[in-house]
Amino acid sequence: MNTKASPKAPLPVPDADRLAERSRRARIEPMSVLALGDGLYEVESGTDNTYLVDAAAGRCTCPDHLFRGGRCKHVRRVAMEITEGRVPPPGEIAVGCHDCDETVFVDEDEPGPVYCGAHELAPGDLARDRETDAAVTVVDVSALRADAARIPEAEVTVAEYGTNESYDPDVPVVGAVYPHATVRQNGPVPRELKVYLFPRTRLVAVAD
């Protein structure tokens, strides 16, 4: 699983005097939280002890929870890190953007590749072709995979096309035109402009 732990550090304390003791300790003690998937989190304490937290069930493998019951500081710390966006909530994982490695939270069954907001593509967006360095304008991002969508005139799939062979075959297909076209909801204008098909990983989103 491509995910990373939060830094082992205390969290900012808004008003420690108003916090219950376990919540105060959860916030001010250095801990690192790593999302494992399936609602499970690994918590490494400042003393290098490591515990497993089930966030949905509110359970932890630490002695405080096992022998005293209640929500221990590790369960509370996981809840705090989720609330503050430092680790993904149950059902999601943290992965790096394909183009810049910025951390993005996505569903655990997200097939990928995953892109951050700055590198997502939508119709009308400008992109750069990694092969030619040319700018293109996106017309459509298809649900079809590059190894399933065909290029009729070449009688091969998008993935099999010569200049696409080094790119992922199991990614969505993006249709694009060269940037002198105007893209509207019903497609490129003028319509005689050729739409080229690319594996998604061949294109990089760029600023206008």
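The legends below describe close-up views of a predicted model. Residues are numbered from 1 along each chain as its sequence is written, and side-chain values use heavy atoms, with hydrogens and water left out. Because the model is predicted, local features need pLDDT of at least 70 and side-chain atom pairs count only at pLDDT 80 or more, while totals for chains, interfaces and linings use all residues.

**View 1. An open sheet of four strands has the order 1-2-3-4, with antiparallel pairing.** Strand 1 (31-37) and strand 4 stand at the edges with a single partner strand each, so one side of each is left without a neighbour in the sheet. Here strands (E, at least two residues) and helices (H or I, at least four residues) are DSSP runs numbered from the N terminus, and two strands pair if DSSP finds at least two bridges between them. Six bridges join strand 1 to strand 2, and Met31 stands opposite Ser45 in strand 2.

**View 2. Strand 2 and strand 3 form a hairpin with four residues between them.** Strand 2 (residues 40-45) runs antiparallel to strand 3 (residues 50-54), and five bridges join them; Val43 has Tyr51 in strand 3 as its bridge partner. In the turn, Asp48 has a positive phi of about 70°.

**View 3. Strand 3 and strand 4 form a hairpin that also has its own turn residue with a positive phi, Gly58.** The phi of Gly58 is near 70°, and four residues lie between the strands. Strand 3 pairs with strand 4 (residues 59-60) in the antiparallel sense over two bridges, with Val53 opposite Cys60 in strand 4.

**View 4. Five strands form an open sheet in the order 14-11-8-7-15, with antiparallel pairing.** Strand 14 (196-199) and strand 15 (203-205) are the edge strands, each pairing on one side only. Strand 7 (residues 126-129) pairs with strand 15 over three bridges, and Ala127 stands opposite Ala205.
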